[in-house]
Amino acid sequence: MQKEHVAKKRFGQNFLKDESVLHKIVEAMPNDDLRVAEIGPGLGDLTKFLVDVKSVTTFEVDTDLCKLLSKTFKDEITTNRLTLHCGDVLDAWKIQLLDEPYNLVANLPYYIATNIILKALEDPQCRTILVMVQREVALKFAASAGEKNFGSLGIITQSVGEASIVVTVPPEAFDPMPKVDSAVLLISKTASRSDEDFEAMLRIAFTQPRKTLLKNLSSHYEKEKVSQALHELGLPPTIRPHQVRTSDYHQLYNIL
Ligand code: SAM
């Protein structure tokens, strides 16, 4: 008899058991013929649905799960419907994760979720990101100007595409249950993030998120120049960093 897998906390293993959520993820997938990259297939619950409709490449760090997956998906692996890489996805991910265009679909390990999304936004082969993450993280990527959680992540996302929340998912949908709510985040890319200097300016703009943008930017740029730039864009000197739109951040960057 097969031994039952005990979830490993250090790998962020919370297995998605709610079939209705699995269906919602599959329904939200882009309607194209691109390969799917799945990070962290776990016990293969989502993988099962993915291989039904697409060719899939998966990356799983846990060697116990890798053994299990290679048995469960023996046929799909033999027919090349599924490619299974065993090891840390971050070691496999240089500039591109795959050497062909792909959509990322995954229930991500939460401890590296932000890092993975930022890498996917940078990867020119990645076209769409459809991922389950901690709800708080999803809201940051999908935030709009004026919302409290609008910051660098939202601005970077809006600079390369569009983001939305597909569905919010309670802890009960998983086994074991995480401590927080989750959400499925969809980002459709039209470009890839590439401007390190722009992102460096964003870090300065949000050093102290509750202070004014003028104060934050003046710690690095000449105060007079920042004042003049805000004035040119019709932004008041009292404006806070989260209140400024992405397009205005790009203009500010060009002026400064
Ligand atoms: N996809 C499965 C599901 O929906 O039930 C499992 C999702 S679970 C939240 C995250 C998975 O990512 C686990 O299987 C874990 O072992 C794997 N994982 C964690 N860190 C990883 C890494 N650095 N590279 C590849 N896989 C990783």
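## Where the ligand sits

The ligand sits in the second largest pocket. A pocket is an open set of points on a 1 Å grid over the protein atoms alone, with protein on both sides within 12 Å along at least five of seven lines. A molecule sits in a pocket if more than half of its atoms lie within 2 Å of the pocket's grid points.

This is a predicted model: local features need pLDDT of at least 70, side-chain atom pairs count only at pLDDT 80 or more, and totals for chains, interfaces and linings use all residues. Residues are numbered from 1 along each chain as its sequence is written, and side-chain values use heavy atoms, with hydrogens and water left out.

## The shell around the ligand

There are 23 residues around the ligand. To count as near, a residue needs a heavy atom within 4 Å. Leu16, Gly40, Glu60, Asn107 and Tyr111 come nearest.

The shell divides into 12 nonpolar, seven polar and four charged residues. Here Asp, Glu, Lys and Arg count as charged; Ala, Val, Leu, Ile, Met, Phe, Trp, Tyr, Cys and Pro as nonpolar; the others, Gly among them, as polar. Strands β1 (15–16) and β3 (56–60) each supply at least two shell residues. Strands are DSSP runs of E with at least two residues, and helices are runs of H or I with at least four, numbered from the N terminus.

## A salt bridge in a helix

Side chains of opposite charge can pair when their charged atoms come close. The whole structure holds nine salt bridges (a side-chain nitrogen of Lys or Arg within 4 Å of a carboxyl oxygen of Asp or Glu). One of them joins lysine 48 and aspartate 45, at 4.0 Å from N to O. Both residues lie in helix α2 (residues 45–53), three residues apart, about one turn of the helix.

## Two backbone details

The peptide bond from aspartate 175 to proline 176 is cis, with omega near -5 degrees. Proline 176 lies in the loop between β8 (174–175) and β9 (182–189).

Asparagine 80 has a positive phi, near 65 degrees, in a residue other than glycine. Its loop runs between α4 (74–78) and β4 (82–86).

Note on methods. On a 1 Å grid over the protein atoms alone, a cavity is a set of points where a 1.4 Å probe fits but cannot get out, and a pocket is an open set with protein on both sides within 12 Å along at least five of seven lines; lining residues have an atom within 4 Å of a point.
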